[in-house]
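Open the model in your viewer and keep the selection panel at hand. The stops below go from the whole chain to one contact region and then to an annotated segment.

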Amino acid sequence: MNYSEEKALSKLAALCSQREHCTAELDDKMKRWGLDEDARERVVDYLTSHQFVDEERYCRAFVNDKVKYNKWGRRKIEQALWMKHIPNDISTPILDAVPDEDYLRVLRPLLKAKWPTIKAKTDYERSMKLINFAMGRGFEIRLIRQCIDEAEDIEEF
């Protein structure tokens, strides 16, 4: 499926009008469409200069969605942004702006729901499995410990 540069620009502009995309996603699409590197660069430059694509805007939406809807922690979001080739100078300030309480608001119910489903011989083993679960979701150990300590204080789990 080989598209001309104009056809690719038209399709991508329409796509970017519907939802946020990053330049890496658009570049991957154009590679699949058979566009050469110069044409891909021109299309991305056009879309960026006309504000169809904005890496910072994309990053803000991505971080917000992953915390709220996917219930991811900071580390997992960082890794996903890295895989999408979002520069650290864009992603780090946006991630830093997310307050710990937003992550804790997501993490507490996750841990509470997971706790009864964990099969373990000791409370220590159960806690370690819970920590591994939360770390797999990308949460930082200090936040996980905080949630577990809070739960132990009020015997919530």
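Predicted model: local features only at pLDDT ≥ 70, side-chain atom pairs only at ≥ 80, totals over all residues.

Residues are numbered from 1 along each chain as its sequence is written, and side-chain values use heavy atoms, with hydrogens and water left out.

First, colour residues 5–53 as domain 1, 56–98 as domain 2 and 99–156 as domain 3; these bounds come from an automatic or database domain assignment. The C-alpha centres of domain 1 and domain 2 lie 21 Å apart. Eight residues of domain 1 and six residues of domain 2 make the contact (heavy atoms within 4.5 Å).

Next, show the surface between domain 1 and domain 2. About 550 Å² is buried there, 55% of it on carbon and sulfur atoms; buried area is the accessible area (1.4 Å probe) that two parts lose on being put together, summed over both. Select Glu 20, Cys 22 and Ala 24: in domain 1 they lose the most area to domain 2, together 68% of what that side buries.

Now display the side chains of Glu 20 and Arg 57, which form a salt bridge at 2.8 Å, N to O. Two salt bridges are counted between domain 1 and domain 2 (a side-chain nitrogen of Lys or Arg within 4 Å of a carboxyl oxygen of Asp or Glu).

Last, select residues 54–90, listed by UniProt in an unreviewed entry as "domain: RecX second three-helical"; such annotations may be inferred rather than shown by experiment.
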